[in-house]
Amino acid sequence: MADAPRVTGPASYFPSIEKTYGRPVDEWLALVDARPAEPHGATVAWLKSEHGLGHGHANALVAYARGRRDS
């Protein structure tokens with residue numbers, strides 16, 4: 001049986017985000033998706049101030065959501 005491909009990039013943070021904050025990544029991505037016109041940095045700052053996420057986790061969520069939206 002082949003090993004699963006290694007997850008890289010922003011999605012590599014997802015297991016840690018779920019473990020640390022106790023919410024599924026899909027919930028976090030829905031929050032980010034609800035703020036489509038906001039600049040990346042503003043959404044990162046909002047996740048940090050309103051939801052207590054660390055910078056790396058917040059940045060990973062926004063980068064993933066925006067990358068998915070823009071592709």
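Start by selecting D33 and R68 in this predicted model: the two form a salt bridge, with their closest N and O atoms 2.6 Å apart. D33 belongs to helix α2 (residues 25-33) and R68 to helix α4 (residues 55-70), so you're looking at a link between distant parts of the chain, 35 residues apart. Check the surface while you're there: D33 is partly exposed at 39% relative accessible area, and R68 is also partly exposed, at 38%.

How many salt bridges does the structure hold? Three. For another one, pick E27 and R23, where the closest N and O atoms are 3.0 Å apart. Both ends are partly exposed, E27 with a relative accessible area of 36% and R23 with 28%.

R23 lies over the face of W28, 4.6 Å from the ring centre. Is W28 buried or exposed? W28 counts as buried, at 2% relative accessibility. Now bring in Y21, which makes an edge-to-face aromatic pair with W28: 6.1 Å centre to centre, with 75 degrees between the planes. Y21 is partly exposed, at 22%.

Along with F14, V32, L47, L53 and L61, W28 is among the residues with the most contacts inside the largest nonpolar core, which has 15 residues. Colour by helix and you'll see where the core comes from: α1 (14-21), α2, α3 (40-51) and α4 each supply at least two of its residues.

Next, centre on F14, which is buried at 13% relative accessible area. What does F14 touch, leaving aside residues up to four places away in sequence? Show V25, L61 and Y64. Stay on that last one, because F14 in helix α1 and Y64 in helix α4 form a pair that ties together parts 50 residues apart in sequence. Their rings sit edge-to-face, 4.9 Å centre to centre and with 80 degrees between the planes. Y64 is partly exposed, at 32%. This is one of two aromatic pairs in the structure.

Last stop: R35. Select E38 with R35 and you have a salt bridge whose closest N and O atoms are 2.8 Å apart. R35 is partly exposed, with a relative accessible area of 24%.

How values were computed:
Residues are numbered from 1 along each chain as its sequence is written. This is a predicted model: local features need pLDDT of at least 70, side-chain atom pairs count only at pLDDT 80 or more; totals for chains, interfaces and linings use all residues. Side-chain values use heavy atoms; hydrogens and water are left out. A salt bridge is a side-chain nitrogen of Lys or Arg within 4 Å of a carboxyl oxygen of Asp or Glu. Buried means under 20% relative accessible area, exposed over 50%, partly exposed in between (1.4 Å probe, protein chains only). Helices (H or I, at least four residues) and strands (E, at least two) are DSSP runs, numbered from the N terminus. A nonpolar core is a set of buried Ala, Val, Leu, Ile, Met, Phe, Trp, Tyr and Cys residues joined through side-chain atoms within 4.5 Å. Contact means heavy atoms within 4.5 Å. Rings of Phe, Tyr and Trp (its six-membered ring) pair if their centres lie within 6.5 Å; planes under 30 degrees apart count as stacked, over 60 as edge-to-face and the rest as tilted. A charge sits over a ring if NZ of Lys or CZ of Arg is within 6 Å of the ring centre and within 35 degrees of the ring normal.
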